[in-house]
Amino acid sequence: MGEKTYLVLRYTAIVLTVGWIGWTLYDSGPGESTALGRELAAAGRYMEDGELEQALGLFSRISTEQPDNIGALRGKAQALMRIGIRQSVDAGRLNPAKQAFEIDRLQRESNQQLRLALALYDQSIDRETARGTTESNRRALGVAFANRGILKDQLGDYAGALSDYREGLGLEPELAEGPGFLTRFLRNQSERPPSIADRARYLAEQLAKPPAERLMRVPEQDRQQRAYLLE
């Protein structure tokens with residue numbers, strides 16, 4: 001596998017967080033005709049606009065007021081995940097020789113945000129699964145598994161990430177297609193990026209090798225790719 005392909009596969013998950021997952025933030029709640037529905041939609045728009053702290057605050061309040069709203073719980077998890085990824089990207093843009101303290105701070109905060117998001121996705125998946133898998137929640141549950149796979153991938157739990165990617169693809173096969181034309185147009189992506197199915201295949205290939213031969217991370221290349229995908 002070439003270097004360019006590896007780099008794209010390594011951070012495919014980040015690309016997916018914007019387009020594929022946004023609508024599932026409030027699929028468990030009421031429509032925009034209600035006050036709660038309007039608040040959830042507003043939180044989703046904050047997310048789409050990159051105003052992650054505002055989205056997190058609104059999703060957190062809704063989740064506190066409506067503990068049974070799984071969509072708000074997933075929204076809170078996604079906001080935390082994207083904040084954590086952003087902090088990791090910011091750390092990768094700094095000069096290690098001159099800004100080691102700031103890099104360490106950002107990396108620690110990123111890890112904390114990602115682990116909080118992982119715990120919330122665990123809760124949302126457990127609660128959604130307990131309700132039973134139906135046609136109405138199958139897609140949302142599949143995307144939740146994919147998002148939890150993203151988190152595990154970022155945290156270095158590659159076997160766990162592979163398991164969640166496969167679970168997500170089994171529930172929602174369309175995830176294998178990656179972002180559609182409109183999403184790619186909004187991101188100025190002329191070509192369709194690889195999907196989590198591609199990342200899952202890559203993880204499976206690497207995990208099948210002896211540990212000493214696996215190529216799971218290349219720090220300098222990872223930083224470059226994350227910056228490229230999120231700008």
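Colleague: On what basis are residues numbered and values counted?
Modeller: Residues are numbered from 1 along each chain as its sequence is written, and side-chain values use heavy atoms, with hydrogens and water left out. As this is a predicted model, local features need pLDDT of at least 70, and side-chain atom pairs count only at pLDDT 80 or more, while totals for chains, interfaces and linings use all residues.

Colleague: How many helices and strands are in the protein chain?
Modeller: Helices (H or I, at least four residues) and strands (E, at least two) are DSSP runs, numbered from the N terminus. Along the sequence the pattern reads α-α-α-α-α-α-α-α-α-α-α. The protein chain therefore has 11 helices and zero strands.

Colleague: What percentage of the residues of the protein chain count as buried?
Modeller: Buried means under 20% relative accessible area, exposed over 50%, and partly exposed in between, with a 1.4 Å probe and protein chains only. Among the 231 residues of the protein chain, the buried share is 49%.

Colleague: Which helices are included in what covers the buried residues of α4?
Modeller: Helix α4 spans residues 52-65, and its 14 residues reach 20 Å from first C-alpha to last, close to the 20 Å expected at 1.5 Å a residue; the expected span is 1.5 Å times one less than the number of residues. Its buried residues are L52, A55, L56, L58, F59, S60, I62 and S63. Contact means heavy atoms within 4.5 Å. The cover of these buried residues includes α3 (35-48) and α5 (70-92).

Colleague: Why does L141 count as buried?
Modeller: L141 lies in helix α7, residues 135-154. Leaving aside neighbours within four places in sequence, L141 is in contact with I125, E128, T129, T133 and L171. L141 counts as buried because its relative accessibility is 3%.

Colleague: What separates the C-alpha atoms of A146 and E167?
Modeller: A146 is also found in helix α7 and is buried, with a relative accessible area of 4%. Beyond its neighbours within four places in sequence, A146 is in contact with D164, Y165, G168, L175 and I196. A146 and E167 are 21 residues apart along the chain, and their C-alpha atoms are separated by 7.6 Å.

Colleague: In the protein chain, what share of the contacts with a separation of 6 or more comes from residues 24 or more positions apart?
Modeller: The contacts considered here are those with a separation of 6 or more. Of these, residues 24 or more positions apart account for 66%.
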